[in-house]
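Please read the following note alongside the sequence and the three-dimensional structure. It is written for a reader who is new to inspecting protein models.

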Amino acid sequence: MSIVFDEKSRFFSLMTENTEYQIRINELGMVLHTYYGKRVGGFDMSYLLKELDRGFSGNPYECRNKRGISADTLPQEYSTDGAGDYRVSALSLCLSNGSGTADLRYKSHEIISGRDELKGLPYVRAEKDKVDTLKIYLEDKVAGLLVVLAYQVFEEKDIISRYSVIKNESDGDIFLNKAASACVDFMGKDLDLIHFHGRHAFERQPERRRVTHDICRIGSKRGTSSHHNNPFVILCDRNTDEWNGDSFGVMLMYSGEHAQEIEKDQAGTIRVVSGISDDHFRWKLSKGEEFTTPEVMLAFTDKGLSELSFLFHRIIRENICPGQFRDIKRPVLMNNWEGTYFDFDDDKIMEIADSAKEAGCEMLVLDDGWFGARNDDHAGLGDWVVNRNKIKKGMDKIADHVESLGMKFGLWFEPEMVNEDSDLYRAHPDWALTDPDRKPVMARDQLVLDMSRSEVVDYLYESISGILNSAKISYVKWDFNRSLSNVFSRALPADRQGEVAHRFVLGTYSLMERLRERFPDVMIEGCSGGGGRFDAGIMFYSPQIWCSDNTEAINRLKIQKGTSYGYPISTIGSHVSASPNHQTGREVPLMTRAIVAMAGTFGYELDPRLLSSQEKAMIRDQIKTFNKYYDLIQKGRYLRLSDEQDEQYYTSWGFVSEDRSEALVSLVVTDVRANPEVMYVRLRRLDPDAMYEVDNCISSNAQVPENGVYSQKTEGEIYSGAALMNAGYAFDPMFGSYPAIQLHFRRIY
Ligand code: DGJ
């Protein structure tokens, strides 16, 4: 059992292979956090708690003469408002008598082998893993409140997940103003915070700064997890780097409005509260009702950021993404969006399929514009019927044609949206989220459907199912192209409008779940104008997500690197698009574009009819290369090999198989130089005693001028693992526009 309770000292030890999390119940029944970090073998870490009398930090009534005991100074497992803890709280409510106080005390606990599946919410699947659960029941007898803190311990994965259940056992209504998933207090640490901010077409940029005595809030109030602030934060020692040092990861499995609040208190304890954002949240709990928060994953390692990323990559790939897409080879796709935008008909799409096949692609994805009156982005959303003016022969004929070429067929949807100019909106204007008597905020000329209404979810389920049943469709791209505003449901009373934002997310999850049950072999690729809903919640339904609407390879280096801190390569949708690029106008060689896109799910997004036969041949080779290293890329350890300093010149990354028998290393020069430095890139995680041969090399050297230095003979070179790890591989300088190289190392003895 990975969870142990010490009856005498009343503390719990939650132990994974390398980490330990401890909780103590004090004499008042306060549930205190005592430790999270490297395994300490069950040693009672309660000695870390110091009961010091701090002025203006009040005491529970029973301790009015024992002033060292204060909710404001002791580290809490689930902090509440109103009962003397003035730091950011996890729970804030209003009781039926208007009181805003919640004071939770230990009631009982259970230690269970296995875990509960959350109904209607994503969670970390137990799969074949051993998982044990600790449930601590807390009560506030005066309020009539029961809170369950559930901790799932994935021993072999070094992950602990948490969620909370809040139950109204009083006779009146209780309003939850905030119900976070987790609160973790770190004592005695000077930590940096790393979070991932961004914007549309430039998502998940790491920002690192020291945690100071302010309250830092990383969150979204856009209805989705957002392009702007990802629900994943890292706290690490000030000197932690990729390869060394303590780091803690907090990843919320949720696709809606969220908040990660980080506060350093008066005595230096650092608190993190993670959960649904309380900005628009007000949940009415009637007598007997309960509310379950989303799940949050916690990880710790003392081996630096690279290892922390690995822990999240592994659990997401193996325990969160739908199992049936985990080990199968996913097809290399051709998407028509940047090739045609809305300007296509069925003949053009079939020609594109023919050319995609010639280029070696394995799936054709028909993007936006095939339904309703959708000829541009002003009309048609919500009308999930095939537009027979464009798709004259029918969707089944396109699908059959694609299948006859030996490829799979995929289709784009944007289920949660509606245009005013649509039959759906004309029939059901009340199905859109809008305020009464007020013109709504428009974005991309569309409105958001009220997913809190079951009839809306039912309509989408039926109409999308109708399309999926009408043709051989293997893949759905599930888009979402605006932020929420005017979050008002015509179906809910005034005192429940604060529930709409969360009910919206639950509606989306239920639609995804129902479609997945009915079409288990159809793979959903998530998307929200690229990476606006790139989170571990959506990954529960969708094993890959379009990472960014920015397909430009040099920008993508930054976006994909930022994304990789939390999310595995197998989830990162990445395509080769045309050059000059449509978002930046930059020209990048085809091979460089491919090498960058291979750090993802890999595909193409252009008009393949415009490719020369030489380019098609190159693409065929690129797809062969990707397929050859598919397992290594999707399941190997992903390593960020260049740091900020290097990246003023080049970016490098790699994959190493778990058994250390092979590695794939890529490098892109982003700032070519005259008379340049040699690029020494230290590889990692190889077997120091083994010898490795470079047995494959692809590069953009076709783009290099005559006098460019590509004299380096790479294939056949042999190095020891120790040499590659300690001194590095010495890349020759490269010239031309954004040159790139990819090397495969195979262990030979
Ligand atoms: C935004 C997506 O990210 C694009 O890839 C494309 O599907 C468009 N929407 C279509 O409207």
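This is a predicted model: local features need pLDDT of at least 70, side-chain atom pairs count only at pLDDT 80 or more; totals for chains, interfaces and linings use all residues.

1. The protein chain contains twelve helices and 39 strands. Its radius of gyration is 27 Å, close to the 27 Å that the globule rule gives for 749 residues, so the chain is as compact as a globular protein of that length. Along the principal axes, the C-alpha atoms fill a box of roughly 85 × 70 × 40 Å.

2. Interior and contacts. Of the 749 residues in the protein chain, 63% are buried. Contacts between residues at least 6 apart in sequence were also examined, and 70% of these join residues at least 24 apart.

3. Surface and charge. The protein chain exposes about 26700 Å², of which carbon and sulfur atoms supply 47%. There are 90 positive and 114 negative side chains in the protein chain. The centres of these two sets lie 2 Å apart.

4. Helix α6. This helix covers residues 454-470. At 1.5 Å a residue, its 17 residues should span 24 Å, and the end C-alpha atoms are 24 Å apart, which agrees. The buried residues of α6 include Val456, Val457, Leu460, Tyr461 and Ser463, and also Ile464, Ser465, Ile467 and Leu468.

5. Helix α7. Having 19 residues, α7 reaches 27 Å from its first C-alpha to its last, close to the 27 Å expected at 1.5 Å a residue. Buried residues in α7 include Val500, Ala501, His502, Phe504 and Val505. Gly507, Thr508, Tyr509, Leu511, Met512, Leu515 and Arg516 of α7 are buried as well.

6. Glutamine 497. This residue is found in the loop between β26 and α7. With a relative accessible area of 12%, glutamine 497 falls under the 20% cut-off and is therefore buried. Not counting residues up to four places away in sequence, glutamine 497 touches Val487, Phe488, Ser489 and Leu492. Glutamine 497 and histidine 280 are 217 residues apart in sequence, while their C-alpha atoms are 8.8 Å apart in space.

7. Helix α9 (residues 590-597) is mostly covered, with eight of its eight residues buried. Among these buried residues are Leu590, Met591, Arg593 and Ile595. Proline 580 is found in the loop between β30 (575-577) and α9. The peptide bond from serine 579 to proline 580 is cis, with omega near 0°. Such a bond deserves a second look because most peptide bonds are trans.

8. Two residues with positive phi. Most residues other than glycine have a negative phi. Arginine 204, although not a glycine, has a positive phi of about 50°. Aspartate 437 is likewise not a glycine and has a positive phi of about 60°. Aspartate 437 lies in the loop between α5 (423-427) and β25 (446-448) and counts as exposed at 87% relative accessibility.

9. Serine 564. This residue lies in helix α8 (residues 553-564). Serine 564 is buried, with a relative accessible area of 0%. Leaving aside neighbours within four places in sequence, serine 564 is in contact with Ser309, His313, Ile572, Tyr638 and Arg640. Serine 564 and glutamate 416 are 148 residues apart along the chain, and 28 Å separates their C-alpha atoms.

10. Threonine 16. The loop between β2 (11-15) and β3 (19-25) holds threonine 16. Its relative accessible area is 0%, so threonine 16 is buried. How far apart in space are threonine 16 and glutamate 155, C-alpha to C-alpha? The distance is 3.9 Å, although the two residues are 139 residues apart in sequence. Not counting residues up to four places away in sequence, threonine 16 touches Arg39, Val153, Phe154, Glu155, Asp158, Ile159 and Ile160.

Note on methods: Residues are numbered from 1 along each chain as its sequence is written. Side-chain values use heavy atoms; hydrogens and water are left out. Helices (H or I, at least four residues) and strands (E, at least two) are DSSP runs, numbered from the N terminus. The expected span of a helix is 1.5 Å times one less than its number of residues. Buried means under 20% relative accessible area, exposed over 50%, partly exposed in between (1.4 Å probe, protein chains only). The radius of gyration is taken over C-alpha atoms; the globule rule is 2.2 Å times the number of residues to the power 0.38. Contact means heavy atoms within 4.5 Å. Accessible areas come from the Shrake-Rupley method with a 1.4 Å probe; for residues, only the protein chains shown count as cover. Lys and Arg count as positive and Asp and Glu as negative; His and the chain ends are not counted. The place of a charge is taken as NZ of Lys, CZ of Arg, CG of Asp or CD of Glu.
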